[in-house]
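Student: I would like a close look at one part of this protein. Please place that part in the whole chain before going into detail.

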Amino acid sequence: MIEVGGLVKSYGARRVLDGLSFTAVPGRVTAFLGPNGAGKSTTLRMILGLGTPDAGHALVHGVPYAALRDPLRTVGALLDASACHPARSPHAHLRWLARTHRIPRERVTEVLDLVGLGPAARRPVRGFSLGMRQRLGIAVALLGDPGTLLLDEPMNGLDPEGIQWLRGLLRALADEGRTVLVSSHLMREMAVTADHVLVIGRGRVLADGSLASLLATDPPAVRLVTPRLHELAGALRTEGGQVAYDETGEGTARQAVVTGLTAARIGDIAARNAWSVHELTPLRPSLEETYLRLTAEAVEYRATTPVSPSTRQEAAVHA
Ligand SMILES: Nc1ncnc2c1ncn2[C@@H]1O[C@H](COP(=O)(O)OP(=O)(O)OP(=O)(O)O)[C@@H](O)[C@H]1O
């Protein structure tokens with residue numbers, strides 16, 4: 001269990017955490033999301049006692065990290081995948097950590113195998129790829145078999161097999177009753193891994209709730225394909241719908257995403273005018289779109305490239 005209350009932190013004149021409060025509970029994967037510079041890593045560092053907040057508290061199992069009797073066995077953390085001496089091997093690094101924390105040596109082999117680093121266990125870390133370093137960082141976090149895990153962007157650099165493996169691991173750790181707090185920018189990955197979503201922006205909580213409740217805040221949308229799009233769009237707007245044309249692939253728009261009206265209502269309006277409809281598909285909100293809407297005002301660093309297409313997917317069809 002992690003409890004953060006009224007956390008405030010400034011660097012010089014810049015207020016990075018602005019009264020941040022949240023709880024991450026056991027048995028759940030909590031996704032910790034926010035734009036670059038939002039304060040995610042700073043929060044994780046405060047929880048781990050690696051910085052002193054100006055105000056507020058960060059507790060693990062009810063006490064500050066510094067007061068934990070057996071920190072490595074209580075909290076496993078991945079903050080910086082390069083935090084191992086380049087001349088050391090994963091085996092030597094983990095053995096050293098295990099020895100200083102009274103962790104049995106067999107656990108070292110166990111976690112090396114678990115993260116897939118068995119074959120590279122005795123090679124110096126200086127020759128490791130980003131993904132291999134990341135796997136080592138995860139092994140360090142798991143070494144003490146802790147009940148709470150804090151992972152800062154653990155998917156970085158992992159190959160597709162590694163990402164799939166990590167997804168299963170995070171799920172299994174939560175299902176065992178552990179508290180799992182994971183920061184990431186990979187929305188599609190978080191959408192299939194997390195139960196709970198915490199979004200922050202400029203050091204404040206923007207959203208905190210179950211994945212389902214968060215997605216439900218986005219209006220339902222429907223994909224519409226019709227040869228009478230321009231006429232139908234006019235009628236839908238009159239009835240309170242919003243219509244966004246999708247002109248990809250064809251010169252003349254025939255396809256659009258409609259919000260504010262159900263598929264049934266759109267069908268009825270088309271039928272009333274005897275306009276044929278080729279497709280009406282309810283679309284599921286995507287975490288990426290919900291996240292982008294929530295953080296639109298909180299993004300500090302923005303490129304000037306065009307906005308990409310909708311990431312909504314077709315809603316499941318029940319027979
Ligand atoms: N030691 C420090 N000294 C000065 N400024 C800092 C320090 N640590 C963090 N910051 C600033 O605090 C802000 C929040 O940084 P932080 O790393 O917590 O963001 P983040 O949400 O983890 O971002 P990202 O997604 O880019 O990793 C940034 O503007 C950063 O420059």
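Student: How many Å separate the centres of domain 1 and domain 2, taken over C-alpha atoms? After that, which residues of helix H10 are buried?

Tutor: The model is predicted, so local features need a pLDDT of at least 70 and side-chain atom pairs count only at pLDDT 80 or more, while totals for chains, interfaces and linings use all residues. Residues are numbered from 1 along each chain as its sequence is written.

The centres of domain 1 and domain 2, taken over C-alpha atoms, are 38 Å apart. Domain 1 covers 2–214 and domain 2 covers 221–314; such bounds come from an automatic or database domain assignment. The two domains touch: 16 residues of domain 1 are in contact with eleven residues of domain 2. Contact here requires that the C-beta atoms of two residues, placed from the backbone, lie within 7 Å. On the domain 1 side, helix H7 (187–193), strand S8 (196–201) and strand S9 (204–210) each supply at least two of the touching residues. The largest share, four residues, comes from H7. By class, that side of domain 1 has ten nonpolar, four polar and two charged residues. In this count Ala, Val, Leu, Ile, Met, Phe, Trp, Tyr, Cys and Pro are nonpolar, Asp, Glu, Lys and Arg are charged, and the others, Gly among them, are polar.

The protein chain as a whole has eleven helices and 14 strands. Helices (H or I, at least four residues) and strands (E, at least two) are DSSP runs, numbered from the N terminus. Along the principal axes, the C-alpha atoms of the protein chain fill a box of roughly 80 × 45 × 40 Å. Of the 319 residues in the chain, 34% are buried. A residue counts as buried if 20 or more other C-beta atoms lie within 10 Å of its own, as exposed if 12 or fewer do, and as partly exposed in between, with C-beta atoms placed from the backbone.

Now to the part itself. Helix H10 spans residues 263–272, and its buried residues are Ala263, Ile266 and Ala270. Seen down the axis of H10, these buried residues fall within an arc of 65°, so they line one face of the helix. The arc is that of the directions from the helix axis to the C-beta atoms. The spacing follows from a general rule: an α-helix has 3.6 residues a turn, so residues three or four places apart point the same way. The face of H10 turned away from the buried side carries the exposed residues Ala264, Asp268, Ala271 and Arg272. After H10 comes Ala274, with a positive phi near 60°.

What lies over the buried side? The cover of the buried residues of H10 includes strand S10 (221–225), helix H9 (229–238), strand S12 (255–259) and strand S13 (279–284).

Arg284 is partly exposed, because 14 other C-beta atoms lie within 10 Å. The C-alpha atoms of Arg284 and Ala172 are separated by 26 Å, and the two residues are 112 residues apart along the chain.

For comparison, look at helix H1 (residues 40–47). H1 is mostly covered, with six of its eight residues buried. These are Lys40, Thr42, Thr43, Leu44, Met46 and Ile47. Just after H1, Gly49 takes a positive phi of about 70°. H1 also gives the largest share, three residues, of the shell around the ligand. That shell includes Tyr11, Val16, Lys40, Ser41 and Thr42, where a residue belongs if its C-beta atom, placed from the backbone, lies within 6 Å of the ligand. In the shell there are three nonpolar, six polar and one charged residues.
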